[in-house]
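Dear colleague,

Please find below the structure I am handing over to you. My findings follow directly after it.

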Amino acid sequence: MGQDLFAIMTSNAEGGEGDAGNTGSWRVERPVINMALCTPAKKQKASCHLCWLYCPDGVISKDLEPEIIMEYCKGCGICAEECPTNAIEMVAESEFVEE
Ligand code: SF4
Ligand code: SF4
């Protein structure tokens, strides 16, 4: 198998910094995954991973318990829209500001 074909047939399972890099402080909402509703986490089997597939910045890992790299997440909400079990909730950044 040629190297180019191999590159097409495999995928990076790690979240990365995406094309846009560090998000900074402008994000309004962030995604929070409820692992009790997440199919691969619940079944402990590789499945679904639509959040990983659709994240435009590639910041979600393809693990049994998907991890989102908040440093690079843009808060677009696509992962929450695409999650078939509504396991991802977009939560206002103000909820995470320390008093
Ligand atoms: S799309 Fe939802 S159910 Fe599927 S892996 Fe992501 S969080 Fe879990
Ligand atoms: S909110 Fe957008 S950038 Fe952040 S993890 Fe979800 S799809 Fe990716």
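Please note at the outset that this is a predicted model.

Is Glu93 buried or exposed? Its relative accessibility is 15%, and because buried means under 20%, Glu93 counts as buried. When neighbours within four places in sequence are left aside, the contacts of Glu93 are Arg27, Val28, Glu29 and Arg30.

Overall architecture

The protein contains four helices and two strands, and their order along the sequence is α-β-α-α-α-β. Of its 99 residues, 32% are buried. Among contacts with a separation of 6 or more, 68% are between residues 24 or more positions apart.

How many cavities of 30 Å³ or more does the protein have? The count comes to one. The largest cavity holds about 100 Å³ of space. Its lining consists of 14 residues, and those closest to the centre are Cys38, Cys48, Cys51, Pro66 and Cys83. Both α2 and α3 supply at least two residues each to this lining. Sorted by class, the lining has eleven nonpolar residues, three polar residues and no charged residues.

What takes up the space of the largest cavity? That space is taken by ligand 1. The elements giving two or more residues to the shell around ligand 1 are α2 (39-43) and α3 (50-54). The shell comprises 13 residues, of which Cys38, Cys48, Cys51, Cys83 and Thr85 are the closest. By class, ten residues of the shell around ligand 1 are nonpolar, three are polar and none is charged.

Ligand 2

Which residues surround ligand 2? They are Pro31, Cys55, Pro56, Val59, Ile60, Ile68, Cys73, Lys74, Gly75, Cys76, Gly77 and Cys79. By class, nine residues of this shell are nonpolar, two are polar and one is charged.

- Ligand 1: the shell has ten nonpolar, three polar and no charged residues.
- Ligand 2: the shell has nine nonpolar, two polar and one charged residues.
- Largest cavity: the lining has eleven nonpolar, three polar and no charged residues.

With kind regards

Methods. Residues numbered from 1 in each chain as written. Chains lettered and ligands numbered in written order. Predicted model: local features only at pLDDT ≥ 70, side-chain atom pairs only at ≥ 80, totals over all residues. Heavy atoms only, no water. Near = heavy atom within 4 Å. Nonpolar A, V, L, I, M, F, W, Y, C, P; charged D, E, K, R; others polar. Buried < 20%, exposed > 50% of the residue type's maximum accessible area, 1.4 Å probe, protein only. Contact = heavy atoms within 4.5 Å. 1 Å grid on protein atoms, 1.4 Å probe; cavity = no way out; pocket = protein on both sides within 12 Å on 5 of 7 lines; lining within 4 Å. Sits in = over half its atoms within 2 Å of the grid points. Points joined across faces, edges and corners; volume = space filled by probe spheres on them.
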